Amino acid sequence: MDAIECIKARMSIRKFKPDPVPLEVLKRVIDIAKWSPSYKNTQPWEVVILSGKKKEELSKILVELLEKDTKPCPDIPEPKSWPQALDKRINALLKKRSELTGVDMFSLEALRKAKIANFQFYGAPHGMFLFQDSSLTAWSIFDMGLFAQSLMLAAYANGLGTVPQAFLTDYAKHVKKFLGIAGLKRLVLGISIGYPDLSSPVNQFRTDRVGTDEIVRVEN
């Protein structure tokens, strides 16, 4: 599949078919993603694939933590504020989703429901958790971003859908304990993966992008 098509056609999927993906396909996706560039070829990524009963068990734990109002404590702190231009884009997105769904996406109840949907992996048959050593610097977090993008593009090229999920890192300590991951590891990102349900209205909405001239400066 053409790389440009992958980049432009890939989208975050929030409704999946329940059909499990063969393990060899999931491993193929990771095998492709591991060719991502990294600082001094450190390849600072580790992946845990979660499926079946184990996925459902973790989902239940995360939802219960939310229902108990357990304070989130992700390994990478959630942003508390955004520059004005970026905040404007966030508000525009939430406003558009509110119009399409009839739900006030700015409300605390909408946030709670969004977190539950995240913790339930949007119905995907598999979840992936991306870890790295917590002693690594911001360069390695950047490397993980490259790896995650490559993984999602490789998934798309193999007929799969994905969605990157910061919310799946809310209770990092509990996730690591459940998965038997050393406390010295940093949970960077969660990704739901499976066959996309493209008939679902939730997957009909696509975000826009700013004009190229807004982000490019040319010096001659």
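Contact, as the word is used in this tour, means heavy atoms within 4.5 Å. The model on display is a predicted one.

**First stop: the sheet**

Begin by selecting the strands. Four of them form an open sheet in the order E1-E2-E4-E3, and their pairing is antiparallel. Strand E1, residues 46–51, and strand E3, residues 161–165, stand at the edges; each has a single partner strand, so one side of each is left without a neighbour in the sheet. From one strand to the next, the twist averages 25 degrees.

As background for this view, strands of a sheet pair through backbone hydrogen bonds, either parallel or antiparallel.

**Second stop: strand E2 and its partners**

Next, select residues 126–133, which make up strand E2. How enclosed is E2 by the rest of the structure? Seven of its eight residues are buried, so E2 is largely enclosed.

E1 and E2 run antiparallel and are joined by six bridges. Two positions in this pairing may be displayed. Valine 47 has leucine 130 of E2 as its bridge partner, and isoleucine 49 stands opposite methionine 128, also in E2.

Then turn to strand E4, residues 185–194. E2 and E4 pair over eight bridges, in the antiparallel sense. One place to look is aspartate 133, whose bridge partner in E4 is lysine 185.

Select residues 52–67 to show helix H3, which lies across E1 and E2. The helix runs at about 95 degrees to E1.

Select residues 172–179 for helix H7. This helix lies across E1, E2 and E4, and its direction is at about 100 degrees to E2.

Move to tryptophan 45, in the loop between helix H2 (23–33) and E1. Is this residue buried or exposed? Tryptophan 45 is buried, because its relative accessible area is 11% and buried means under 20%.

Display the surroundings of this side chain. Leaving out residues up to four places away in sequence, tryptophan 45 touches Lys34, Ser36, Pro37, Ser38, Phe131, Asp143, Met144 and Phe147. Tryptophan 35 can be selected as well: it lies 10 residues from tryptophan 45 along the chain, and the C-alpha atoms of the two are separated by 11 Å.

- Select aspartate 31 and lysine 34. They form a salt bridge whose closest N and O atoms are 2.7 Å apart. Aspartate 31 is partly exposed, at 38% relative accessible area, and lysine 34 is likewise partly exposed, at 38%.
- Select lysine 55 and glutamate 56. In this salt bridge the closest N and O atoms are 2.7 Å apart. Lysine 55 is buried, with a relative accessible area of 5%, whereas glutamate 56 counts as partly exposed at 47%.
- Select glutamate 109 and arginine 112. Their salt bridge has its closest N and O atoms 3.1 Å apart. Glutamate 109 is partly exposed at 38% relative accessibility, and arginine 112 is partly exposed at 29%. Both residues belong to helix H5 (residues 108–119), where they are three residues apart, about one turn of the helix.

**Last stop: serine 98**

Finally, select residues 84–101, helix H4, and find serine 98 within it. Serine 98 counts as buried, with 15% relative accessibility. Which backbone oxygen does its side chain reach? The side chain of serine 98 reaches the backbone oxygen of valine 103, at 3.2 Å.

To complete the view, display the contacts of serine 98. Apart from neighbours within four places in sequence, serine 98 is in contact with Val103, Asp104, Met105 and Phe106.

Definitions and conventions. Residues numbered from 1 in each chain as written. Predicted model: local features only at pLDDT ≥ 70, side-chain atom pairs only at ≥ 80, totals over all residues. Heavy atoms only, no water. Pairing = 2+ DSSP bridges. Helix = DSSP H or I, 4+ residues; strand = E, 2+ residues; numbered from the N terminus. Axes fitted to C-alpha atoms, helices over the stretch in contact; angles between N-to-C directions. Salt bridge = Lys/Arg side-chain N within 4 Å of Asp/Glu carboxyl O. Buried < 20%, exposed > 50% of the residue type's maximum accessible area, 1.4 Å probe, protein only. Polar contact = N/O pair within 3.5 Å; in protein donor to acceptor, adjacent residues only side chain to side chain.
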